[in-house]
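Please read the report below alongside the sequence and the model. It moves from confidence to helices, and then to packing.

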Protein chains: 2
Amino acid sequence: MSAGTARSWAPIAFACFWSASRLASLLEVNRDTFRALGASLSEAEVEDPVEHLHRLADRYLDFATEHANLLRALFEHRMEDDRPYPDDLLDMEVATFALVHKPLLKLLPEYPAGQVGMLARTLFSAVHGIISLGIEDRLVAVPPQSLRLQLSLFVDTYLAGLEAYVPEPPSDLRPER
Amino acid sequence: MSAGTARSWAPIAFACFWSASRLASLLEVNRDTFRALGASLSEAEVEDPVEHLHRLADRYLDFATEHANLLRALFEHRMEDDRPYPDDLLDMEVATFALVHKPLLKLLPEYPAGQVGMLARTLFSAVHGIISLGIEDRLVAVPPQSLRLQLSLFVDTYLAGLEAYVPEPPSDLRPER
């Protein structure tokens with residue numbers, strides 16, 4: 001390669017290096033976020049599963065309030081060019097959902113574990129939605145004390161529903177509405 | 001201003017213009033998204049409020065699946081430098097939440113309307129969370145048919161909970177957990 005060619009490729013090489021190192025730092029930040037979130041949520045554990053789920057929701061709200069930008073970086077980041085999301089981050093995500101799985105399994109001992117796994121993910125995602133839209137001051141934000149109250153009411157309502165509502169056996173075929 | 005000064009300011013002026021026009025287009029895209037989403041959700045209306053809520057969730061899932069990038073642009077965009085979010089977009093957001101308000105009011109005629117307004121927002125946000133994390137293929141995505149089933153199960157469970165669980169009168173002071 002001539003000196004001229006090397007010079008003309010230099011900016012492209014630099015851009016690739018910069019982009020790759022930016023991605024690496026972002027992924028590292030996201031790993032740290034999962035670790036910090038996991039540590040905080042793990043401390044929520046108590047014997048009573050209902051109380052446990054309330055404390056999980058409360059701590060998620062605390063974390064989201066204190067580290068809004070970290071959670072955004074975690075949930076809004078997408079890999080470019082169909083590159084796969086790193087396996088260890090996927091494992092961390094599964095481990096985070098599993099924190100909700102444990103108290104739900106205690107509450108629903110007669111459900112198949114796979115079904116409870118899906119319910120755990122649904123509940124996690126619902127709480128995530130309530131918190132992430134609730135703290136978004138770009139949207140019409142919910143006042144913090146009111147958000148905590150609504151979240152607690154939501155958890156109680158959902159659990160009352162799980163107790164009251166016995167679903168039909170799961171089937172992938174649902175009648176058209 | 002000398003020609004030299006004008007020249008040195010030109011790139012900055014251009015950057016400001018570019019940034020402002022990019023923001024204007026993004027806001028215009030978001031307006032279109034609210035309009036299209038509102039039109040689709042409005043068509044979900046039927047007499048029975050439970051069926052209506054199911055159809056709203058179903059249509060939101062359809063919209064999110066077909067227009068994932070538009071919804072991301074809507075929910076992930078934040079104004080820079082604390083600039084206020086345009087009032088007409090806030091109104092469109094409130095109107096979108098109101099689509100869930102109507103069937104909930106029918107289901108809960110004895111609740112104060114303000115309380116039902118918060119429940120509508122909570123339910124909208126929960127469904128948004130379940131769908132937005134569920135279709136995210138960066139995360140461990142839920143297969144589409146299974147997501148639709150989980151969403152329907154969630155709506156039934158939450159409504160069963162609303163029926164079964166009579167909350168205490170709302171108070172902004174909740175005992176510390």
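The sections that follow describe a predicted model.

## Basis and confidence

Residues are numbered from 1 along each chain as its sequence is written, while chains are lettered from A and ligands numbered from 1 in the order in which they are written. Because this is a predicted model, local features need pLDDT of at least 70 and side-chain atom pairs count only at pLDDT 80 or more, whereas totals for chains, interfaces and linings use all residues.

The model scores ipTM 0.81 and pTM 0.81. Where pLDDT is low, the predicted coordinates should not be read in detail.

## Helices of chain A

Chain A has six helices and zero strands, where helices (H or I, at least four residues) and strands (E, at least two) are DSSP runs numbered from the N terminus.

Helix H5 (residues 113-134) of chain A has 22 residues and should span 32 Å at 1.5 Å a residue, which agrees with the 31 Å between its end C-alpha atoms; the expected span is 1.5 Å times one less than the number of residues. Of the 22 residues of H5(A), 18 are buried, so this helix is largely enclosed by the rest of the structure. A residue is buried if 20 or more other C-beta atoms lie within 10 Å of its own, exposed if 12 or fewer, and partly exposed in between, with C-beta atoms placed from the backbone. Across the 177 residues of chain A, 29% count as buried.

## Packing in chain B

Helix H2 (residues 49-66) and helix H5 (residues 113-134) of chain B pack at an angle of about 35°, with their axes 10 Å apart; axes are lines fitted to C-alpha atoms, for helices over the stretch in contact, and angles run from 0 to 180 degrees between N-to-C directions. The contact is made by Ala57(B), Tyr60(B), Leu61(B) and Ala64(B) of H2(B) together with Val127(B), Ile131(B) and Ser132(B) of H5(B).

Leaving aside its neighbours within four places in sequence, Val127(B) is in contact with Ala57(B), Tyr60(B) and Leu151(B).

Notes: Contact = placed C-beta atoms within 7 Å.
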